[in-house]
Amino acid sequence: MTDTKYTATKSTTERAIVIGGGISGLLAAKVLSEYYGEILVIDRDALPDLPENRPGTPQAFQPHRLSPRGSLILNRLFPGLTEELLTNGAPSSQGRASYLINPYGNMVTVNPQQEALFSRALLEWALRRRVQMIPHVHFLARTDVLGFYPTPDRSQIIGVQIQERGSAQAQVNPITSDLVIDCSGRSSKAVQWLTELGYDVPEPELLRVSLGYSTRHYKIPSDKADQWNVLRSEGDPARGTYTAVLSVIENNIAEMTLWGLGGRYPATNAEQFEREVAQLANPIFMERLQELEPVSSPRGYRVPELTRQHFEQMRRWPSGLLVMGDAFAQFDPIYGQGMTVAAIEAEILAACLSQQQLRPRSDFELSVLQRMQDTIEPAWWLNGVADLRWPGVEHVGPEPLKGLTFAQRYFEFILRHSTEQTDYQLHGLYWLVNSLYLSPSELFNPHLVSSLLADGSDAGKQLLYELAAGSDRSIEELLEHNMPSFERAAFATMDQLMQQP
Ligand SMILES: Cc1cc2nc3c(=O)[nH]c(=O)nc-3n(C[C@H](O)[C@H](O)[C@H](O)COP(=O)(O)OP(=O)(O)OC[C@H]3O[C@@H](n4cnc5c(N)ncnc54)[C@H](O)[C@@H]3O)c2cc1C
């Protein structure tokens, strides 16, 4: 790790600063390294030489699954990443079974692809090692960023104010740069710092979720090591039952997680936790746990609300500043979208920096924030559709989420239909949309909607009736009018999916 002493310097050219060396910070640093002469990644933590959790990312003990889209982008940015994770002990998902349980039955799929199964600590360590190898990227660890450093007229951010950790007398010093990207996650102070500089920051949109995680680690005996990829049972909002996930990571560790919403917090006491696992409708979880040896106590993590900032709507935004990752918008972790959104944002950053070199635009920062927001939009909407089914969850925003009620009932219909008919294609499509590979509009394709809902079932007829709401418009017109299109968001296409190895 390179810990260089940095003090106030004359206004340099070609330096970019990244606040936070978590997942989005590392991805930003990698992208910036193609465009800037020097990149400084500043983190308040000491950055470990081994895959270890650290205080600045308290969520890291909880499972961190990477979606196929996220994996695709990370491997594009860091060629050979999956192989590297496998070499460093991550088991492969290839050939392992995933048991997906929902209130309508079970689906079992066997993963044909080579994906690595890892802890957040291992992934972050592998990414950090790669970024540390880039000669002009420097890490400033154990250093707090205490504010932005503006020009006297405050129209531009030309650096940050920093303070070394560990000494109460340590001075606060500015470091200058041409671009600052705030990747400081959930604890970001961007709104506070912008407000102190006189910027009018819009109220964020909120999902008041009151969600709770509890995870316990178990050792898998070597003769049981290759049995499953993931067991997942979806919670039922009508009965207030927990979602349960049992997954595997490096070092033969299984992670057992319970998740509840609307103030239904799973236990963090070991006995009570196992009692709650035993009470799940499907006994498979307890049967598996009985074969394993607990190696940690259950650890909780609570999220009162998810925040989506709307920086892109600001009339005045300082040049030289961007925001990425959880500092911009956070998602319900149970859907595993946070790191994927950070990865898509990194791709957007790369595309925008490249365009800026060819054809500079004066509103560069706001245009980047707008493009990132276009990608946040479908993820946020999918979170709202899923989480607002639970009692006690509330959306706070200038407008309700478009098409919410129909989407909730239609998605439930798809889950039921695909499970009862063992329709793996439809189930796969539903999953690819929810993991941000494909646009939700793939599910609102008029042909699919009409063929699914015209299956002769009462539920299908009822949904068609509700969609029409007394109008004589065609299904195409109704869907176009009632559902969001997400046309500006970046997605993979069905063709790209088919071409993937
Ligand atoms: C319980 C839980 C489970 C999750 N599971 C998944 C999952 O399965 N899949 C998935 O894709 N996503 C998951 N996520 C989301 C994921 O953790 C984040 O979306 C992802 O890490 C991107 O976050 P980030 O890099 O923006 O912030 P973080 O990873 O939180 O990193 C922020 C960094 O900024 C540093 N920092 C903060 N403030 C300062 C400061 N003032 N000065 C200097 N440094 C600072 C911190 O030390 C930290 O290193 C989960 C989240 C939670 C809460």
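Student: How much area is buried between domain 1 and domain 3?
Tutor: The model is a predicted one. The contact draws on 13 residues of domain 1 and 17 residues of domain 3. Carbon and sulfur atoms give 72% of the area buried between the two domains, and that area is about 1,100 Å².

Student: Which residues of domain 1 lose the most area to domain 3?
Tutor: In the domain assignment, domain 1 is made up of 15–57 + 123–200 + 318–384, and domain 3 covers 404–499. Together, the residues in question account for 50% of what the domain 1 side buries, and they are Asp 374, Trp 381 and Leu 382.

Student: Which residue forms a salt bridge with Asp 374?
Tutor: Across the interface of domain 1 and domain 3 the rule finds one salt bridge. For the pair that includes Asp 374, the closest N and O atoms are 3.3 Å apart, which is within the 4 Å cut-off. The partner is Arg 488.

Student: Is Asp 144, which forms a salt bridge with Arg 44, buried or exposed?
Tutor: The closest N and O atoms of this pair are 3.5 Å apart. Asp 144 belongs to strand E6 and Arg 44 to the loop between E2 and H2, 100 residues apart. Arg 44 has a relative accessible area of 34% and is therefore partly exposed. For Asp 144 the value is 16%, under the 20% limit, so Asp 144 is buried.

Student: How many residues apart in sequence are the parts tied together by Arg 76 and Glu 347?
Tutor: The side chains of Arg 76 and Glu 347 meet in a salt bridge at 2.4 Å, N to O. Arg 76 is exposed at 52% relative accessible area, while Glu 347 is partly exposed at 27%. Arg 76 lies in helix H2 and Glu 347 in helix H8 (residues 338–358), so the pair ties together parts whose separation in sequence is 271 residues.

Student: In the open sheet of three strands, which are the edge strands?
Tutor: The order of the sheet is E6-E7-E8, with antiparallel pairing. Each edge strand pairs on one side only; the two are strand E6 (143–150) and strand E8 (172–176).

Student: Which residue in E8 is the bridge partner of Val 160?
Tutor: Strand E7 (residues 157–164) and E8 run antiparallel and are joined by five bridges. The partner of Val 160 in E8 is Ile 175.

Terms used:
Residues numbered from 1 in each chain as written. Predicted model: local features only at pLDDT ≥ 70, side-chain atom pairs only at ≥ 80, totals over all residues. Heavy atoms only, no water. Pairing = 2+ DSSP bridges. Helix = DSSP H or I, 4+ residues; strand = E, 2+ residues; numbered from the N terminus. Domains from an automatic or database assignment. Contact = heavy atoms within 4.5 Å. Buried area = accessible area lost by both parts, 1.4 Å probe. Buried < 20%, exposed > 50% of the residue type's maximum accessible area, 1.4 Å probe, protein only.
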